[in-house]
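Me: Can you walk me through this structure? I'm new to this, so please keep it plain.

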Amino acid sequence: MAHTITLIPGDGIGPEVADATRRVLDASGVKIEWDVQNAGAAVAEKRGTTLPDEVLASIRRNKVALKGPIGTPIGKGFRSVNVTLRQALDLYANVRPVRSLPGIEPRFEGTDIVIVRENTEDLYAGLELMIMPGVAQSIKLITERACLRICEYAFDYAERMNRKRVSVVHKANIMKLSDGLLLECFRKVALNHPRIEPNEVIVDACAMQMVKNANKLDVIVTENLYGDILSDLGAGLVGGLGIVPGANIGLDAAVFEAVHGTAPDIAGKGIANPTALIQSAVMMLHHLGEHAAAQKIENGLLATFERGTRTADLGGTATTDELTRAVCEAVGRA
Ligand code: NAI
């Protein structure tokens, strides 16, 4: 039976990496009917909104979406479509596995960290105002409900994936109430998961630890902003943004997307690395229960990297199309 999945190609390199990912999914033999929806700056010009109602309706209907990156203007302009989508669909858990790939020199051999980022509140709640000229205020919103469910998700994930340790990353020494609430919830949830070792790390020390010895970290659970920053740091440890995938998981829907953005500096040049979105699609296939197809793609990707085929961001010369063709062939053989 074919799965019907919403596809949002997105802006910048989005359509290029989305097309590559579709080709790789086709090569795996998995049956997917794509419900293509557009969101972002290009739609805003025609429709007066960056997120037309039918995009949300499509994801609600299909329950699963694969999404390319969508740009957000800096300092002014429309609100982030990504943040709006996550909040509107209550996609509360953002899961970002940071793993090295064969043939790419990571900073630490065998880096394998999973960042579980709370996706709906914190400084991303959109509560910002100018109190008076020259004084801006951003409200950091942290609720017990969101802290409990993200910690539950992280411990459940650790149990399901046979991980050993969950580290909560916080700044409760300074933000005693908001980050203190996360810490309190983490300790409460940890009691229900005796097989998993709980660990507490202050965010600045975590950044240092990731750069000095990332292998000490296993699963990380943290707030929205810290998770955003640490996942880009993690990407830097394993070769860059071109390879790190992500999943936004809620109770009623899930949206799979790479950690990277629209990469305006290389958009339209045919050199973007589609690996991060392909790996996001692998996460999507596991979510759909299509484990055999997911494994096939993962094996094909690993074989391609072992053979040294790489795009420019990883020091190679392959174009998006050449890498995609190599992965499709390897998937066909897997
Ligand atoms: P970016 O991730 O788009 O680019 C940072 C650097 O990494 C650039 O040099 C880019 O060329 C490179 N890069 C990123 N992905 C790559 C890939 N697949 N292959 C090869 N090189 C790659 O971050 P930036 O420039 O800060 O953001 C650009 C736009 O993307 C902004 O409007 C931002 O809001 C948006 N964005 C959207 C996200 C989403 O839709 N989930 C996530 C992050 C940023």
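Me: Okay, which residue forms a salt bridge with R96, and how far apart are the closest N and O atoms?
Reply: R96 pairs with D228, and their closest N and O atoms are 3.9 Å apart. A salt bridge here is a side-chain nitrogen of Lys or Arg within 4 Å of a carboxyl oxygen of Asp or Glu. This is a predicted model, where local features need pLDDT of at least 70, side-chain atom pairs count only at pLDDT 80 or more, and totals for chains, interfaces and linings use all residues. Residues are numbered from 1 along each chain as its sequence is written, and side-chain values use heavy atoms, with hydrogens and water left out.

Me: How many salt bridges does the structure hold?
Reply: There are 21 salt bridges in the structure. One of them joins D19 and R23, with the closest N and O atoms 4.0 Å apart.

Me: Why are D19 and R23 separated by about one helical turn?
Reply: Because they sit 4 residues apart in helix 1 (residues 14-28). Helices are DSSP runs of H or I with at least four residues, strands are runs of E with at least two, and both are numbered from the N terminus.

Me: Switching topic: which domains does the protein chain have?
Reply: Domain 1 covers 1-101 + 239-334, and domain 2 covers 106-114 + 140-238. Those bounds come from an automatic or database domain assignment. Taken over C-alpha atoms, the domain centres are 24 Å apart.

Me: And how many residues does the contact take from each domain?
Reply: It takes 16 residues from domain 1 and 20 residues from domain 2, where contact means heavy atoms within 4.5 Å.

Me: How many salt bridges are there between domain 1 and domain 2?
Reply: The count is 4 salt bridges. On the side of domain 1 that touches domain 2, strand 4 (residues 93-99) gives the largest share, 6 residues.

Me: Now the ligand. Which residues come nearest?
Reply: Of the 22 residues around the ligand, I70, T72, G261, A263 and D265 come nearest. A residue counts as near if one of its heavy atoms lies within 4 Å of the molecule.

Me: What about I70: how far is its backbone N or O atom from an oxygen atom of the ligand?
Reply: That distance is 2.8 Å. K67 also has a polar side-chain atom 3.2 Å from an oxygen atom of the ligand.

Me: And H260?
Reply: An N or O atom in the side chain of H260 is 3.4 Å from a nitrogen atom of the ligand.

Note on methods: A polar contact is a pair of N or O atoms within 3.5 Å; within protein, one must be able to donate a hydrogen and the other to accept it, and residues adjacent in sequence count only if both atoms are side-chain atoms.
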